[in-house]
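Please look over the sequence and the structure before reading on.

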Amino acid sequence: MSILNNHSGYAAANGIKLYYEIYGTGKPLVLIHGGGSSGFCDFEETVTRLKDRYQLILLDMQNHGRSEHREVPETFEQDARDIIAVLDYLKIIKTSFLGFSNGATTILTLASLFPDRVDKLIAASGNTKREGLLDGFFDSMSASTIEVMPSYLKENFLKLNPDPEKFKNMYEKDSQRMINFRDFEPGTLENLTCPVFLIGGDQDVVKGPHLAQMQQQIPNARLMILHANHGNYIMKGFDGQIDKGLIDFTILQIQKFLEAE
């Protein structure tokens, strides 16, 4: 286990450098943000609630936050390999993961590629099939432009990396990854060996029946559907408001899952 505490830095990851932040001490928990965001932007509320119980390791993935960029297309497989490279740098052999949205899809991919590196997974609002997202999602993505990207994500990116060209690269890479999203290969979820906690909202971008299907496919999975949208159960909502009670409840359930035998 790493002994670092309240520390930030860069780790070499397959030809680029990824930025990471570490808060607290205890068993490590790696937090992977969603598309267009960054580690602390998505997980500030989680850090506030769990930093006294775990060693929280927040990563900015390729093309995001303070991390370096690639010109090649983004893939969830590449993100998974980049995470493993950072863990190797930090000398963490096995750990638990919490991922949101694209981050949830990333850690599910990681668990399938590197099962011996995973203790437990919390996959929040992640999907594994195109049909698992709201009807019209991909048409909307194809028609979308950088101008309509949520302002808080643009502001967060440019605060961390004030380079408009890098912001454009991040937007294009993220958009194309989702537009060209391919279903997980058959058997991928069925072969997961770690305990998995699936979380979603009843008004999420990910359909509830898809999450239920995922739970049925994963051998050791729990599912929690909340009265929530895409992420306001764990972070600030689209309207900028924080539902403290809802987030408190979600984090408590995550803590119970992590600490269960």
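How are H5 and H6 oriented to each other: roughly parallel, roughly perpendicular, roughly antiparallel or oblique? The model considered here is a predicted one, and in it the axes of H5 and H6 come within 10 Å and cross at roughly 130°. Because angles of 65 to 115 degrees count as roughly perpendicular and those over 145 as roughly antiparallel, H5 and H6 are oblique to each other.

The crossing of H5 and H6 is right-handed, and the two helices meet through Lys154, Phe157 and Leu158 on the side of H5 and through Pro164, Lys166, Phe167 and Met170 on the side of H6. Sorted by class, this contact of H5 with H6 holds 5 nonpolar and 2 charged residues, with no polar ones.

A second pair of helices can be described in the same terms. Helix H1, which covers residues 39–50, packs with helix H8, which covers residues 244–259, at an angle of about 65°, and their axes are 10 Å apart. From H1, the residues Glu45, Thr46, Arg49 and Leu50 take part in the contact, while H8 brings Lys244, Ile247, Asp248, Ile251 and Gln255. This contact of H1 with H8 divides into 3 nonpolar, 2 polar and 4 charged residues, and the crossing of H1 and H8 is right-handed.

Turning to the spaces in the model, the largest pocket holds about 810 Å³. Its lining consists of 37 residues, and those nearest the centre of the pocket are Gly35, Phe137, Met141, Leu153 and His230. Two or more residues of this lining come from each of helix H3 (102–113), helix H4 (137–143), helix H5 (151–160) and helix H6 (164–179), and H6 gives the most, with 5 residues.

The model also has 1 cavity of 30 Å³ or more. The largest cavity, with about 40 Å³ of space, is lined by His33, Gly34, Gly35, Met61, His64, Asp79, Asn102, Gly103, Thr106 and Arg177. To this lining H3 gives the most, with 3 residues.

Conventions
Residues are numbered from 1 along each chain as its sequence is written. This is a predicted model: local features need pLDDT of at least 70, side-chain atom pairs count only at pLDDT 80 or more; totals for chains, interfaces and linings use all residues. Side-chain values use heavy atoms; hydrogens and water are left out. On a 1 Å grid over the protein atoms alone, a cavity is a set of points where a 1.4 Å probe fits but cannot get out, and a pocket is an open set with protein on both sides within 12 Å along at least five of seven lines; lining residues have an atom within 4 Å of a point. Grid points are joined across faces, edges and corners, and a volume is the space filled by probe spheres set on the points. Helices (H or I, at least four residues) and strands (E, at least two) are DSSP runs, numbered from the N terminus. Axes are lines fitted to C-alpha atoms, for helices over the stretch in contact, and angles run from 0 to 180 degrees between N-to-C directions. Angles under 35 degrees count as roughly parallel, over 145 as roughly antiparallel, 65 to 115 as roughly perpendicular and the rest as oblique. A crossing is left-handed if the near helix is turned anticlockwise from the far one by less than a right angle, and right-handed if clockwise. Contact means heavy atoms within 4.5 Å. Ala, Val, Leu, Ile, Met, Phe, Trp, Tyr, Cys and Pro count as nonpolar, Asp, Glu, Lys and Arg as charged, and the others, Gly among them, as polar.
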